Amino acid sequence: MHSPTRPKLLLATNNQGKLREYRTLLASLPVDIITLQEAGVTTPVEETATTIPDNAILKATEYSRLTGSLTLADDSGLEVDALNGEPGVKSARYAGEHASDIERNELLLKNMASVPEGKRQARFRCVIAIAGPGVPVQTAEGTCEGRIARESVGRTGFGYDPIFIVDGMSRHMAEMTMEEKNAISHRGKAAAKALRILERIVGAKG
Ligand code: IMP
């Protein structure tokens, strides 16, 4: 239920996997979280920047301008060392605009087929940008180191989780519960920093 007295925070993403994770990660914040749909935004902001931080800043400032609301946007992606950092900023569109997570994972596994163990290092990167009326844009970043598996395993999470194994763990990311993933993920780390920024903005500490 939305309260008339609590400030609103727009979670500017249409990715249902991200939305689920942020609702948990930001649960302690005294704000009413609203989605793009609830804010009446029907046209997505084009991700025209060439880096993850710049895309996060672009989305946060544009959606905040469009809605007049305090806004959290993120840009994230998977950087694979053997592929010179690809898919990186293009992670969501790696196998074409309308491809599925399964198709993206299959393409990545195919492109990594000849890469030996020991050279399969990769990391997830997430940059959160926060912007609002009278609030200068601020960012928070998190990374999660790991490697690309040989096959897809697991059904939790989203995106590349079934083919990513976190350093020091044997399970694929898509075999973790959301709580386990949030405790070690790029998004979890960025969100912990973003939480402190948001607490200052909404005055939760005082
Ligand atoms: P964007 O941040 O919406 O541009 O898209 C980021 C893309 O990176 C997602 O669509 C996923 O394919 C991938 N990605 C980002 N974070 C995660 C994650 O936590 N798990 C798996 N894939 C992710």
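1. Basis. This is a predicted model, in which local features need pLDDT of at least 70 and side-chain atom pairs count only at pLDDT 80 or more, while totals for chains, interfaces and linings use all residues. Residues are numbered from 1 along each chain as its sequence is written, and side-chain values use heavy atoms, with hydrogens and water left out.

2. Lysine 18 places a polar side-chain atom 2.7 Å from an oxygen atom of the ligand. With serine 76, a polar backbone atom is involved, 2.9 Å from a ligand oxygen. A polar contact here is a pair of N or O atoms within 3.5 Å. The protein covers 95% of the 490 Å² of accessible area that the ligand has on its own (Shrake-Rupley method, 1.4 Å probe).

3. Shell around the ligand. There are 16 residues around the ligand, and Lys18, Ser76, Asp161, Lys181 and Arg187 come nearest (near: a heavy atom within 4 Å). By class, the shell has four nonpolar, six polar and six charged residues; Asp, Glu, Lys and Arg count as charged, Ala, Val, Leu, Ile, Met, Phe, Trp, Tyr, Cys and Pro as nonpolar, and the others, Gly among them, as polar. β3 (70-80) and α5 (186-202) each supply at least two shell residues, and the largest share, three residues, comes from β3. Helices (H or I, at least four residues) and strands (E, at least two) are DSSP runs, numbered from the N terminus.

4. A pocket is an open set of points on a 1 Å grid over the protein atoms alone, where a 1.4 Å probe fits, with protein on both sides within 12 Å along at least five of seven lines; lining residues have an atom within 4 Å of a point. About 860 Å³ of space lies in this largest pocket. Its lining has 34 residues, of which Asn15, Lys18, Glu47, Ala92 and Arg93 are the closest to its centre. β3 gives the most to the lining, five residues.

5. Loop between β3 and α3. Asparagine 84 lies in this loop and has a positive phi of about 55° although it is not a glycine. Proline 87 is found in the loop between β3 and α3 too, and a cis peptide bond joins glutamate 86 to proline 87, with omega about -5°.

Notes:
A polar contact is a pair of N or O atoms within 3.5 Å; within protein, one must be able to donate a hydrogen and the other to accept it, and residues adjacent in sequence count only if both atoms are side-chain atoms. Grid points are joined across faces, edges and corners, and a volume is the space filled by probe spheres set on the points.
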